[in-house]
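Thanks for asking me to look this one over.

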Amino acid sequence: MATRRSDSADSVRSDTSLPDHAIGEKDDGKTIMKDVDTVVHNLVEKLEHTGDAMAPIDDIEYVMDKIETLTVPECKAILEQLLKSHEYDYNFSNTLRQKLAHLLKGPGEGQSTAEWELELKTETAVNKFYSPYPEVRAITTPTDDVDIPCETIRAHLLGYLWAILAQFTNSLFNSRFPQITITSAVTQILLYPCGLLVAAVLPDWGFNVRGKRISLNPGPWSYKEQMLATIIIDVGLTSAYCFWNIQTQTVYYKD
């Protein structure tokens, strides 16, 4: 997933009215016309993070394309698998869990078949092809730009370098006062200017592997490299358990 862009020109508010169009869906040989304004309004409410948030139009169009291609049997199979996969997921909204389970049972009281199918497809498209977590939808887009560099040599080098520095600092001051701890948030802040620096000074040297060029400096420092390096650092921040054994033997047992 790519990071969400905050460009108001490419966004639409939840109260924005779009031109009247219609979506045709066949139900038992009958064509049911649905107002696009209603569909878009529901999607904007689903994709936005807060009442004043702005849902990018690209996200809405992507989800609407998925809605048009999904069938009811496909939706049911996807939602059943989704509920099974997140059965013990405490981050999965219980309200959403109950809503999806209710949709699988069929149209609700006072709900037409067309309305139920539209809601079923909307929930399936958003949760399957985007994310079932509102926090994720608030900061990312459902598509990924594969041309943006991610697992690069410089990202690994900076990640390992800061992992060593952070782990050394944390271990050194772990049993001392005042205690100094380098957290993941701190390394993210320090990592970014380092990424900009290596992108500016490293030469564009590289080699080809199976037709793909791997460069020492593939271009501007990307958010994917920033995230990868941060994950590498975060994994190595915690001191090894044997460190406490060594301290205990030295302090208490004079070993």
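1. Cys 194 is partly exposed, with a relative accessibility of 22%, whereas Cys 75 is buried at 0%. (Buried is under 20% relative accessible area, exposed is over 50% and partly exposed lies in between, using a 1.4 Å probe and protein chains only.) The structure has zero disulfides, a disulfide being a pair of cysteine sulfur atoms within 2.5 Å.

2. Please keep in mind that this is a predicted model, where local features need pLDDT of at least 70 and side-chain atom pairs count only at pLDDT 80 or more, while totals for chains, interfaces and linings use all residues. Residues are numbered from 1 along each chain as its sequence is written, and side-chain values use heavy atoms, without hydrogens or water.

3. How confident is the predictor? The mean pLDDT (confidence in each residue, from 0 to 100) of the chain is 81, and 78% of its residues reach 70 or more. Over residues 6-35 pLDDT stays under 50, and the model has 56 contacts beyond four places in sequence for them; a contact means heavy atoms within 4.5 Å. Where pLDDT is low, the predicted coordinates should not be read in detail.

4. Lys 66 sits over the face of Phe 129, at 4.7 Å from the ring centre. For this, NZ of Lys or CZ of Arg must be within 6 Å of the ring centre and within 35 degrees of the ring normal.

5. An unreviewed UniProt entry lists residues 189-207 and 227-246 as "transmembrane region"; such annotations may be inferred rather than shown by experiment. Residues 189-207 are 68% helix and 11% strand, with end C-alpha atoms 31 Å apart. For residues 227-246, the values are 70% helix, 0% strand and 33 Å. Helices (H or I, at least four residues) and strands (E, at least two) are DSSP runs.

How values were computed
pLDDT is the predictor's confidence in each residue, from 0 to 100.
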